[in-house]
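Trainee: I've got a model open and I'd like to learn how to read its features. Can you walk me through a few?

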Amino acid sequence: MTGILEEIRKRIVFFDGGTGSLLQANGLKPGELPETWNIKYPDIITKLHRDYLEAGADIIKTNTFGANGLKFYKGAEFDLDEVVAAAVKNAKRAVETASYPTGKERGYIALDLGPTGKLLKPLGDLDFEDAYEMFAQVVRIGEREGADLVLIETMSDSYETKAAVLAAKENSSLPVFVTMIFDEKGKLLTGGNVESTVALLEGLRVDALGINCGLGPVQMKGILSDIMEVVSIPVIVNPNAGLPRSEGGKTVYDIDADEFAQVMAEIVQMGACVVGGCCGTTPEHIGKTVALCKDFPARLPEKKNRTVISSYAQAVVMDREPIIIGERINPTGKSKFKQALRDHNLEYILREGVSQQDNGAHVLDVNVGLPGIDEPSMMVEVVKELQSIIDLPLQIDTSNIEAMERAMRIYNGKPLINSVNGKEEMMEAIFPLVKRYGGVVVALALDEDGIPETADGRIAVSRKIYKKAAEYGIDKKDIVIDALCMTVSSDSKGALTTLETLRRVRDDLGGKTILGVSNISFGLPQREIVNATFFTMALQNGLSAAIINPNSEAMMRSYLSFLTLSDLDPQCSRYIGVYSGQVATLGDTVKPGSAGGGNASGKDMSLSESIAKGLKDRAFSAVTELLRDKEPLTIINEEMIPALDRVGKGFEKGIIFLPQLLMSAEAAKAAFEVIKEQMAKNGTVEDKKGAIVLATVKGDIHDIGKNIVKVLLENYSYDVIDLGKDVAPELIVQTVLEKRIKLVGLSALMTTTVPSMEETIKQLHKVSPDTKVMVGGAVLTADYAKTIGADQYCRDAMASVNYAEEVFEGK
C-alpha cells in the first residue's frame, strides 16, 4: 500500500474536519471529556470518521486531542491506554467500512496529539522531559494499535511542540506532521513567529508542517504566504469554518461549506499540499473542498537554501549581512567568569547575556567548560536560564559530547553548534546529534593531519566535511566553515591564508563562514587595533558570522562602518542611530548610544531596569538598597509599576515576548517579597486594589492563559483567587457571592468547553449582575465573547490587566 508521504508527493491530500462541534450536536455535554466517547459511544465516533472518509478525506484524526496522563490516569473513569486504544480502534473500523469515492482505496489514521495545557519550566511547572513522556505514552499506544501517522496539532508553544515531536520520533516509526496555532499577527502564544517555528520544525525533521485552528481560511492566507517564503517541506492548512459566535447556546461559524471550499482552493493554489478543516467544519465543508481542489496539481515547496538558526522567538539568517556572535559567556581568559561558574553565579552570566544583546549581538555563544564543574548540568541550566530572559539564538559551544546533546535536547529553537571538524570520530559523534535535534554546525577546517597551512588544504577539508554531513542528511546550508584564525604574531601569513579561505568558501563552495576574530592578535599589544582592522578585512572577504565582543567599541565601529559602506545599511540609518549627536575628535573614544543600551551588566542596574530585564537576583539586591532611603509604597509606584508598564507595552507592541513578560513579573515578585517584609516590620498593611476570581471552565484542563494572567494581576497588586481548572459554574458563582467579587476571569481553550463558559456567565449575571466577566482563550474572539454574554474579551494577559484597571480604578 502506498504511504501517506508518497501520496503527498503525487497529489493534494485532504484531512477531515472538526470533531468537537459534531460531538456537541450529538449530545456532548458542556464540560464532558470528548475522548470518553471513544468507549461510551464508539458507534458515534466511528460514524463521524466514516462520514469524513466518504466525503473524500484521506486522513482522519483520532478522537485523542485531549488524551493525556493529566486527564486519564489509573483510578480515573478510564485510563489512558483504554481511551487511546479505543480511539484508534474506532478509526480503523471506519477505514474498513467506509464507501470511498472513486479512485480512493482507503483512508489514513492520524494519531491526534493536542497540547497539555501547561507551560513548561522555567516559565511554568511542567518539566520538559515530563511533557515528553506524556506525549510518548500516547504515541506508543497509537502505533501499537495501528495509527498511520502522528499529527501534533493546535500547538501554541514551540517548546512543548519540540517535546511532542521528539516523543513521536523517538517512540515510533510513523511520519510526523505538526500544525501550530498562530494569531492574526503570525505569532504563537509564547512569541514565536513563522520563520522561527519553521526553522525549529525543519531542524527536527518533521515530515510536514502548517497551521490549524484559531482562524478561518481567509485570515490564514497571510500566514500561509509567510510560511511559503521560508519552508522546504509539505505544508498543511486546517482552518476553522471562519470565526465563531454563539446562537441559542450553540457555537456556530460564519463561513459555509461553499465559501470555505472557495477559499481553500486559493490556499491550495498558494502552495498548501495537505488541506482540511478544524473547529466548525463538517463533512460537507470537506466534501466541497475535495470536489473543488482534488484535480489541482500537487506543488511541493522548493527547497530553500537558507542558513537559519533560531530561538523560541526569532530566526537569524546568515545572508548578505554578517551576524555577530557575542563571545562573553565563555571562561577563556576571563577570571571573573571562571569565578562565577565556580560560585554557580548564574546572575552574572545572565547579565553578560543581557549586555551583549543590548550592544548588538545577534547570537550568544555559551561555553561553560571549566575543570571541576559538572559541565553537562551547568550547560543545560545556563541555556534554560538564558532562554527565559533573552530572545536571541544561542551557540552551544562545548567539546563535551554529553553537554552538547543535553543542551541540544532542551534548547528551544534551532541552535548553532560549535563545533565539528574533519576528523572522522568527531563527525561520527556530532552529525547524528544534528540529525536528531536540528542545528547549524560550525565546522573547523582541520582533520587528522592537523591545521592545513594553505587555503587549498582548508578547502579540501571543507569539502570532506560537506560530503560526510550529506551522508547524515545534513545539507551544506547547515554547515558553517570556520576558516581558522591563527595568531599573526607567530605566523605572518596566517591572516592572508584565513582571508583567502573565507573568499574561496564563499566563491568556490557557495558556503557560509565563521571566525573567532580576536585570535588573530594574541600576544600583541593594543589588540583591539589589529582585531578591528582584521575584522573589516574578513568581512570584505565574505565572513558570514563573527565571534567577537559586542561590548567592544572598536569592533562595533568596524562592523557598523562596513554595513554602511557595503550598502547593507539603507540611508546609513543604523550608523546614524548609534553615532549621531556624539561630539568627538578623531582618536577620541565614544560609546555607542542605541547599540549600547546602558550599563545592562553593571552591579548598579536600577530596580526598574532589573525588572524590565527579568533579573530576579539583581531586583532583590536593588530593592534592598532602595529601602534604605525610600518608603516601600514610593518604590512600588516610582520603580516597579512603571517597569511593569514598560514591559507590558512592549509586549502589546510585539517587541517583548511572553517568556520575557513572565520573567519580568517574577523579578518584580522577588522585589515585592522584600518590600512586604519591610512593610510588615513597619506595621504597614499592603494595599490591594481589589479581589479577582480566575478559573478555567468546566471540562477544560488547559490553564496556561489563566496562570499567566494570575502572575501579572498579582504584580499589579490585585488579590487573585485562583479556583484552578475544570471548575464548575456553581463553585465560581458561590465564590463570587461569598467574597463579593467585582471581576471574574474565565479561560477556555477548546470549542467543546465554551458552552461551560457561557453557562457560567449566565449564572453569574443572574445572581450578581454588577460583577464583570472577562474571558480569554484560543477559540474566542471579541465578537464571540459578546455572543456568550462576556463583558470583555481579553486577547492576552496585559489586556486582562488593563481591563482590571478599568473596572477597579476607572482608567
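Trainee: How many bridges join strand 14 to strand 15, and do the two run parallel or antiparallel?

Mentor: General idea: strands of a sheet pair through backbone hydrogen bonds, either parallel or antiparallel. Here, three bridges join strand 14 (residues 363-366) to strand 15 (residues 394-397), and the two run parallel. Two strands pair if DSSP finds at least two bridges between them. Strands (E, at least two residues) and helices (H or I, at least four) are DSSP runs, numbered from the N terminus. Before we go on: this is a predicted model, where local features need pLDDT of at least 70, side-chain atom pairs count only at pLDDT 80 or more, and totals for chains, interfaces and linings use all residues. Residues are numbered from 1 along each chain as its sequence is written, and side-chain values use heavy atoms, with hydrogens and water left out.

Trainee: Which residue is the bridge partner of aspartate 365 in strand 15?

Mentor: Glutamine 395. Now zoom out: eight strands close into a barrel with parallel pairing, in the order 13-14-15-16-17-18-19-20. From one strand to the next, the twist averages 30°.

Trainee: On to helices. At what angle do the axes of helix 5 and helix 6 cross?

Mentor: Two packed helices are described by the angle between their axes and the distance between the axes. The axes of helix 5 (residues 80-97) and helix 6 (residues 128-145) come within 9 Å and cross at roughly 40°. Axes are lines fitted to C-alpha atoms, for helices over the stretch in contact, and angles run from 0 to 180 degrees between N-to-C directions. Helix 5 and helix 6 are therefore oblique to each other (under 35 degrees is roughly parallel, over 145 roughly antiparallel, 65 to 115 roughly perpendicular, the rest oblique).

Trainee: Is the crossing of helix 5 and helix 6 left-handed or right-handed?

Mentor: Right-handed. The rule: left-handed if the near helix is turned anticlockwise from the far one by less than a right angle, right-handed if clockwise. By contrast, helix 25 (residues 658-682) passes helix 26 (residues 704-715) in a left-handed crossing.

Trainee: Last one: how many aromatic pairs are there?

Mentor: Rings of Phe, Tyr and Trp (its six-membered ring) pair if their centres lie within 6.5 Å; planes under 30 degrees apart are stacked, over 60 edge-to-face, the rest tilted. That gives eight aromatic pairs. Phenylalanine 535 and tyrosine 559 have ring centres 6.4 Å apart and planes at 5°, so the pair is stacked. The pair links helix 19 (residues 527-540) with helix 20 (residues 553-565), 24 residues apart in the chain.
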